[in-house]
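Let's take a walk through this two-part model, from a single side chain out to whole chains and back again. Keep the viewer open as you read.

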Amino acid sequence: MLARSTDTPEAAPPHVPGRSGTDRLAMFRTAARHSRNVRALKIALPALALVMAALFLFQSYRSSPGSVEIVAETSAVSEGKLVMANPKLEGFTEDNRPYSVSALRAVQDIANEAIVELQGIAATLPLNDEMSATIDAARGVFDRNMNTLDVNSEINITTSDGSQAKLGSALIDIAGGRMTTDKPVEIRFKNGSINSDALSVEQNGKLVVFDKRVRVNIVPPKAETASQ
Amino acid sequence: QESATGRLQGLSISSGLPIQIESDRLEVVDGESKAVFVGNVNVTQGPTMLKAGKMTVYYASGSTGSPATGSANIDRLEVEGKVYIKSDTQVATGDRGTFDMTSEVLTLSGSEVVLSEGKNVLVGCKLTVNMKSGRAQVDGCKSETNKSGRVMMSIQPGSQNR
């Protein structure tokens, strides 16, 4: 589901010497458009949702994101932190379906630019031809060196066919296509639900393991008609 | 190989009722369209209850949906590790069991498969139950000690005219 290309995103973006906030922003923007960092970021944020979406629907999602455009309404530097308001990452997957990942705020510490704290994360992800998923989470910390996103707040995922997932937290290893949480998980789908107290998703959703007090409830479709 | 047959009304899975499954762990392997419940597996549907150490649910390959969304249709179940099946009147125990959803045939096998209803007990090495007809058959064990492969059956007097 992530780009299957052999080139894995390289470790750390080149360290940018100290600059004033504004031209750093300009540098970040231009860097964002052209340099390979963008490719890392481009893969990173959508991958968060891809991995989660995979968790949710247990379908692997093979196309990889195509072009990307980072847009931020206003940005400011305060107390050594670059604050971007409403950063939005939009693009199209290779089979031309739109995705968008946005946040109310992205806060990046100028001294350590690999860490981006995202607040008010919201993403819309195409899953397959007919279905898409929306994902929202209060906040998460994205580490570009480790290529991980640590969402330490509740995550809600809803798909266009009405299925829903609620996770207490999620540590996402984006390059590795892994996601784990040791907080309760609840998934509701058309005719049933799955609950457990821990979850791990491996190989981009190929293997999903619910752990600790797994409870599955299946209401066979016939039952619905019977009860009317 | 001697076998005993009988009517087995209790032990049937009415497909309309909701199913609850509990276990320590659930592994869903997307590529192989199967879901494996591991550890203290407990399945209840209406009056019928099944306990086992492990239960593997095989989905019809190429079925739409996926194991976890429950929308994929189930091909068969395999259970192992101290299998215990109880319906409102009968209890069956064995080491391994399979349940084929299409033919609705349940088989339970092991070194000692016991099917009991109240004090009536049938002991053999294999229990085959056709869920649709409720017809059950227990086959004896072919082994050195029990050459004849006889089924051990004990019927409590007076239980027939219940």
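**Starting from one arginine**

Arg188(A) sits in strand E14 (residues 185–189) of chain A; strands here are DSSP runs of type E with at least two residues, helices are H or I runs of at least four, and both are numbered from the N terminus. With a relative accessible area of 41%, Arg188(A) is partly exposed. That label covers the range between buried (under 20% relative accessible area) and exposed (over 50%), using a 1.4 Å probe and protein chains only. Its side chain makes a polar contact with the side chain of Glu186(A), at 2.8 Å. A polar contact here is a pair of N or O atoms within 3.5 Å; within protein, one must be able to donate a hydrogen and the other to accept it, and residues adjacent in sequence count only if both atoms are side-chain atoms.

Residues are numbered from 1 along each chain as its sequence is written, chains are lettered from A and ligands numbered from 1 in the order in which they are written, and side-chain values use heavy atoms, with hydrogens and water left out.

Now move to Ser200(A), which lies in strand E16 (residues 198–202) of chain A. Is this serine buried or exposed? It counts as buried, at 16% relative accessibility. The Ser200(A) side chain makes a polar contact with that of Glu202(A), at 3.4 Å. Setting aside neighbours within four places in sequence, Ser200(A) touches Met179(A), Thr180(A), Leu207(A), Val208(A) and Val209(A), where a contact means heavy atoms within 4.5 Å.

Elsewhere in chain A, look for a hairpin. Strand E2 (residues 75–78) and strand E3 (residues 81–85) of chain A pair in the antiparallel sense over four bridges; two strands count as paired if DSSP finds at least two bridges between them. Ser78(A) has Lys81(A) in E3(A) as its bridge partner. Two residues lie between the strands of this hairpin, and Glu79(A) takes a positive phi near 40° there. E3(A) also runs antiparallel to strand E6 (residues 105–109) of chain A, joined by five bridges. In that pairing, Leu82(A) has Gln108(A) as its bridge partner in E6(A).

Zooming out, chain A has three helices and 17 strands. Of its 228 residues, 51% are buried. Its accessible surface comes to about 10500 Å², with 56% belonging to carbon and sulfur atoms; such areas come from the Shrake-Rupley method with a 1.4 Å probe, and for residues only the protein chains shown count as cover.

How far should you trust all this? Chain A averages a pLDDT of 69, and 61% of the residues score at least 70; pLDDT is the predictor's confidence in each residue, from 0 to 100. Where pLDDT is low, the predicted coordinates should not be read in detail. The model scores ipTM 0.79 and pTM 0.71.

Chain B has zero helices and ten strands. Its mean pLDDT is 79, and 74% of its residues reach 70 or more, although pLDDT stays under 50 over residues 63–71 of chain B. Buried residues make up 41% of the 162 residues in chain B, which exposes about 8100 Å², 53% of it supplied by carbon and sulfur atoms.

Two backbone details close the tour. Most residues other than glycine have a negative phi. Lys82(B), in strand E5 (residues 74–86) of chain B, has a positive phi of about 50° and is exposed, with a relative accessible area of 74%. Glu104(B) has a positive phi near 55°; Glu104(B) is found in the loop between strand E6 (90–100) and strand E7 (105–117) of chain B, and is partly exposed at 23% relative accessible area.

How values were computed:
Predicted model: local features only at pLDDT ≥ 70, side-chain atom pairs only at ≥ 80, totals over all residues.
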